[in-house]
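Please open the structure in your viewer and keep the selection panel at hand.

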Amino acid sequence: MLRLITDFDGPIMDVSERYYRVYQLCLEKTRYPGQTITELSKAEFWQLKRSHTPELQIALKSGLDAQQGQKFTQIRKQTVHTLPYFQYDSLIPTALAALNKVQAAGIDLAVMTMRRVRELDYAFSQHNLGDFFPENRRYCLSNDYVKTRDVEDKPLLMARALAELPPAADTWMVGDTEADIAAAKKHDIKIIAVESGIRDRTQLASYQPALIMPDLKTAVNFILNQ
């Protein structure tokens, strides 16, 4: 049996609008009355995120001072993963075609994400994705899970999945961050990093995945041709 484990945000969901809206909110909440700030365009902002620029640096680039920058970072952390903002996520244009192809080919498909149960359920109902991932193929964080760092939490999630899922002759992982690469490498799984998410090619390459491809659809085509 061939198995594909895919991350959710990045390969399937485009989170750039959510992150940008939260950025705008943080600027609004931290600026002084009458202060002139430089709001980055969405493209500029997303480029900084993809090159792994620290939040504080993004705040300073936008014209905030160091004290405001701390507050900006704090508000962002409290807000970016809250339900009112998940409505701004959208499907990566080629993702549905890729998922349909995986299903048609009879590949065992699982999702592995740092979202919490309620956040994943929300996206599944919004975008009709439940049929691709039965309950026993959804690996995410419980609603009360205390996060540490994604690069530490994701390998733990992978360990759980590998213990629970039936054995597969061949397993591939597709993800868009260093956490996905770390999780796959720790458990000797072949990892394809995709450029459709929150890290650019330079960042992804520094973590040495097996392959780097534009998106999930390209990755699926590659796996099917093996």
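## A residue after a helix

Select His52, which is found in the loop between α2 and α3. The model is a predicted one, and the angles and distances given on this tour are computed from it. His52 directs attention to its backbone: phi is positive, about 65°, although the residue is not a glycine. Most residues other than glycine have a negative phi. Is His52 buried, partly exposed or exposed? His52 counts as partly exposed because its relative accessibility is 35%, which lies between the limits of 20% and 50%.

## Helix α2

Now select residues 42–50, which form helix α2. This is the helix that His52 follows. Which residues of the helix are buried? They are Phe45, Trp46, Leu48, Lys49 and Arg50.

## Gly69 in helix α4

Stay with one of the covering helices and select Gly69, which is found in α4. Gly69 is buried, because its relative accessible area is 0% and buried means under 20%. Which residues does Gly69 touch, apart from those up to four places away in sequence? It touches Leu56, Ala59 and Leu64. Next, draw a distance from the C-alpha atom of Gly69 to that of Val220: the two residues are 151 residues apart in sequence and 41 Å apart in space.

## The whole chain

Zoom out and display the complete chain. It has 11 helices and eight strands. Along its principal axes, the C-alpha trace spans about 60 × 35 × 30 Å. A compact globule of 226 residues would have a radius of gyration near 17 Å, and the chain, with 18 Å, agrees with this. Buried residues make up 49% of the 226 residues.

Consider next the contacts between residues at least 6 apart in sequence: 68% of them join residues at least 24 apart. If you display the surface, the accessible area comes to about 10,900 Å², of which 51% belongs to carbon and sulfur atoms. Colour the charges as well: the mean positions of the 28 positive and 28 negative charges are 1 Å apart.

Select Asp89, in the loop between α5 (83–86) and β3 (90–91). Is Asp89 buried or exposed? Asp89 is buried, because its relative accessible area is 5%, under the limit of 20%. Show side chains here, and look for the polar contact between the side chain of Asp89 and the side chain of Arg18, at 2.9 Å.

Now display the residues that Asp89 touches, not counting those up to four places away in sequence: Met13, Asp14, Val15, Arg18, Arg115 and His127. Asp89 and Glu17 are 72 residues apart in sequence, and their C-alpha atoms are 6.4 Å apart in space.

Move to Ala169, whose place is in the loop between α8 (150–164) and β6 (170–175). Ala169 counts as exposed, because its relative accessibility is 71% and the limit for exposed is over 50%. How far is the C-alpha atom of Ala169 from that of Leu2? The two atoms are separated by 6.0 Å, while the residues are 167 residues apart along the chain.

## From Gln208 to strand β8

Select Gln208, in the loop between α10 and β8 (211–213). Its phi is near 50°, a positive value in a residue other than glycine. Gln208 is exposed, with a relative accessible area of 58%.

Leu211 is partly exposed, with a relative accessible area of 28%. Leaving aside neighbours within four places in sequence, which residues is Leu211 in contact with? They are Trp172, Ile191, Ile192, Ala193 and Phe222. To finish, draw a distance from Leu211 to Phe86, C-alpha to C-alpha: these residues are 125 residues apart in sequence and 30 Å apart in space.

Note on methods. Residues numbered from 1 in each chain as written. Predicted model: local features only at pLDDT ≥ 70, side-chain atom pairs only at ≥ 80, totals over all residues. Heavy atoms only, no water. Helix = DSSP H or I, 4+ residues; strand = E, 2+ residues; numbered from the N terminus. Rg over C-alpha atoms; globule rule 2.2 N^0.38 Å. Buried < 20%, exposed > 50% of the residue type's maximum accessible area, 1.4 Å probe, protein only. Contact = heavy atoms within 4.5 Å. Areas by Shrake-Rupley, 256 points an atom, 1.4 Å probe, with all protein chains shown as cover. Lys, Arg positive; Asp, Glu negative; His and termini not counted. Charge placed at Lys NZ, Arg CZ, Asp CG, Glu CD. Polar contact = N/O pair within 3.5 Å; in protein donor to acceptor, adjacent residues only side chain to side chain.
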